[in-house]
Amino acid sequence: MPFMLSDRSLIVIQRTEANIEPTSTPLRPPYRSLRSAVEDALSFKDTLENHFGVPPDQIRTLLNSSASRSGILNAFRSLASDSRIQKGDPILIFYAGHGSEIPPNTKNHNAKIQVLVPQDYCSDAGKEVPAIPDRTIGALLSNIADSKGDNITVVFDCCHAASGTRSSQSEDPQVRSVMLTPTTKDQLADHEIWGGRSITTPKQFQHMGLRSHVLIAACASTETCREIGGHGLFSSAFLRLLRTCSPDKLRYSDILKHMDVIPGQNPQCEGVNQNRTLFNSMVLAPQRLCFDVTIGDSGKIILAGGAVHGIMQDAEFAIFKNAESIPHTPLGVCEVDTLSPFSATLKPSSFDGISFDGTGFALQIKAGSKEDMRLYIPPEEDMAICADAWISLMQRRRDFQNILLADSPEDAHVELRLENGKIVFIYRDPKITQHGLDRVLFGVEPEIHDLSRALESMAHFLWKLNLTNNNPEVMSSIDFEFYRLHEPDFDNDENQEMSPISPNLYQNGVVDFVVDDEPYGIKLVNNSEYDFYPYLFYFDNSDLSIAPYYESPSSGLYFLDVPLKANGGSLTIGYGTGGAAPFSYYLRYPQKIDVGYLKLFLCTQPVDLSNISQFSPFENSRGPVDTLKTTVKTWGTILVPVTQRRHPLQPETHCVQCGSISAKSLDLKQTTMIHNLEYKAEILAKEIDILHKSAAAEKEFYERELSELKIKLQGRVEGETNRPDPGPKESGHQPQEQASFVAKNHPISQPKKRPLSSEKRQRWSSFVKRFIHIQLKRVA
């Protein structure tokens, strides 16, 4: 259902250049190109217009060269002075692009300055264009909050950690951070903005206690955020959440609980007001959906709405006696106890109970638990069996009541299709598709029993895969190493144990190798101050099986040795003294690539995680699946993609004799160049469309202004003509000068103020003056 934003609100989308490339002039250093930042900004704009109903003239978009330093700062300043925005109206600011860190101009080297990198950044002597420091953004946001209120949401899809850019991941073109060479202008930039304020502004842009706004950041300060498949991973996950979960049921603090998991990124939400409803409940449905409630025979409250209506387990509803009392006088609050496809039972949140006669009304006020799986079933007659299987599973297993039917395949984790007489499972989750796998290898017969079991396994698979309790500080202190193992020759080798063969195959957050018959092993190193009990599982995306690679030993009531000790302790899995067997991989026919996930659970005490494992639902020897959702005191998890290829990636080849690039590589280069040009042409076309829409909106605005001005001028001039004419000598003005005299002395002849560039202001001023002069002549 679409949502409408307050008529007086303004949304600003800002982003830095999508393609920062080397040029022939020394103005800009050769930063890595970002291919997806523009797409993220346009996706935000599309969602705001088409899903939330935000008028185009309330969205300001800065793309590429318009996202200069002055352009970004002026956009912030314009918010504080925009007369359309009333105090308390929601304001959303989104930025996708490069971020970085620079040292301060003080002796305190621990407090680095986090910065946004504008499109025209330059550190060359005499041509410096500094980055935009966090304290500048903080001061500008405080100015906006002073005049427009603190209903401000800031979303950053960039990373600032210099430590991350110094690692091996800094060479990854998909990372949205750059290493800057700071200048004096960088360190002292905008002192007139943040240095002369009479109130205290935040010292760091990301810290607790932000009062002017709520900040939603794509990753922790020690992490990097990435873009894959044409979009930033965080932006995609955040927009999917906005499309699938109503903002009036979602608090800022709930965002991270309901967003899809992003491997290697831990989004952050900070601010004093993070317990508010999103946009402070000022983004509402045109008609908020109410459900009938009745008292059942058992005394339970029955809600006439269920999973098919998008209701989730633990969702909360305000109960009202009648429609006239909505939303001011609720009888109380209930939460979902049991959920079925078309109805639900509610239990009061307090011990007071709720009673009413006949039929009452329920209005949802809080989103429920995060769904285990978002499923898309095409609305076609031959896919009706899939809906029947979903209903059967929901009615049969209470543990699987959090399967949500998505409205579109783009917002789903999994899409069902009918191919060659079988139902197949198509992955829509970027976490899986970004590495090259788009479907489960096997299909099932279109029968309720087989489909229901496959959906049960899929939901369990995704629920366990997305189960996280990340602590970035602790997780960054764990070294994960993945090696091919050397098998000893038992006739000749004195050492009869397997040993790792360099290099470490875990690079840039991914394990990627060509499948062979060799065994593999893992080494974990714990650099934290905590002892850990590790549990390692392999999630096979092709057959939905979950296999245990390592589980910490059990000791019952006795003391258990810690497998992964603190302060440099190590554990080997598959070789050495770890006690686990080595593991190998294979590709099923006709696969050319397969993608699985290694998931490491780190616990501060021994726990039983045996309920995570499951057999494939596509094997005849499958066993029962224990899907009880138990709470584990887990310190953190690490998710590692494992990409297995039948053939290696083809690098550029060169002639051995002359070193020239081969024809195959040239073809590859030309194809890549064509794709890049097509991409740039598509972006330019979208920018032109945005400019056309902006020009049309401005034209409509000024036509309306001129129409009102014409009416007021006619009334004023009629009043002037009805007065006795003092004559040219008494007035001191010649008749031919009367029109200009009236125009100069009547304030109504001046148009309303609106933030414009100097060129536009001059052009429109001339146009308005000519128009007024002509109209006055006609009236005279």
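1. What percentage of the 780 residues of the protein chain count as buried? The share is 49%, where buried stands for under 20% relative accessible area, exposed for over 50% and partly exposed for the range in between, with a 1.4 Å probe and protein chains only. This is a predicted model, in which local features need pLDDT of at least 70 and side-chain atom pairs count only at pLDDT 80 or more, while totals for chains, interfaces and linings use all residues. Residues are numbered from 1 along each chain as its sequence is written, and side-chain values use heavy atoms, with hydrogens and water left out.

2. On the overall make-up, the protein chain holds 16 helices and 33 strands, these being DSSP runs numbered from the N terminus (H or I over at least four residues for helices, E over at least two for strands). Of the contacts between residues at least 6 apart in sequence, 76% join residues at least 24 apart; a contact here is a pair with heavy atoms within 4.5 Å. The chain exposes about 37,900 Å², and carbon and sulfur atoms supply 51% of that area, as computed by the Shrake-Rupley method with a 1.4 Å probe, where for residues only the protein chains shown count as cover.

3. Helix α1 covers residues 37–50, and its 14 residues should span 20 Å at 1.5 Å a residue, which agrees with the 20 Å between its end C-alpha atoms; the expected span is 1.5 Å times one less than the number of residues. The helix is mostly covered, with 11 of its 14 residues buried, and the buried positions include the charged residues E39, D40, K45 and E49, where Asp, Glu, Lys and Arg count as charged, Ala, Val, Leu, Ile, Met, Phe, Trp, Tyr, Cys and Pro as nonpolar, and the others, Gly among them, as polar.

4. Helix α7, residues 233–244, has 12 residues and reaches 17 Å from its first C-alpha to its last, close to the 16 Å expected at 1.5 Å a residue. Because 10 of these 12 residues are buried, α7 is largely enclosed by the rest of the structure. Its buried residues run through L233, F234, S235, S236, A237, F238, L239, R240, L241 and L242.

5. How do these helices lie against each other? Two packed helices are described by the angle between their axes and the distance between the axes. The axes of α1 and α7 come within 11 Å and cross at roughly 5°, which makes α1 roughly parallel to α7. Axes are lines fitted to C-alpha atoms, for helices over the stretch in contact, with angles from 0 to 180 degrees between N-to-C directions; angles under 35 degrees count as roughly parallel, over 145 as roughly antiparallel, 65 to 115 as roughly perpendicular and the rest as oblique. D40, S43, F44 and T47 of α1 meet S235, F238, L239 and R243 of α7, and the residues of this contact divide into three nonpolar, three polar and two charged.

6. R60 lies in strand β3 (residues 59–62) and is partly exposed, with a relative accessible area of 35%; its C-alpha atom is 9.7 Å from that of I93, 33 residues away along the chain. In the loop between β3 and α2 sits N64, which has a positive phi of about 50° although it is not a glycine and which counts as buried at 14% relative accessibility. Helix α2 (residues 69–81) then reaches 19 Å over its 13 residues, close to the 18 Å expected, and its buried residues include R69, I72, L73 and F76.

7. A cis peptide bond with omega about 10° joins S502 and P503, and P503 lies in the loop between β25 (499–501) and β26 (506–507). N508, in the loop between β26 and β27 (510–514), has a positive phi of about 55° although it is not a glycine, and at 30% relative accessibility N508 counts as partly exposed. Another cis peptide bond, with omega about 5°, joins Y589 and P590, where P590 is placed in the loop between β31 (569–573) and β32 (593–603).

8. Y549 lies in strand β30 (residues 546–551) and counts as buried at 15% relative accessibility. Leaving aside neighbours within four places in sequence, Y549 is in contact with L536, F537, Y538, I573, A580, F583, Y585 and L598. The C-alpha atoms of Y549 and I522, 27 residues apart along the chain, are separated by 10.0 Å.
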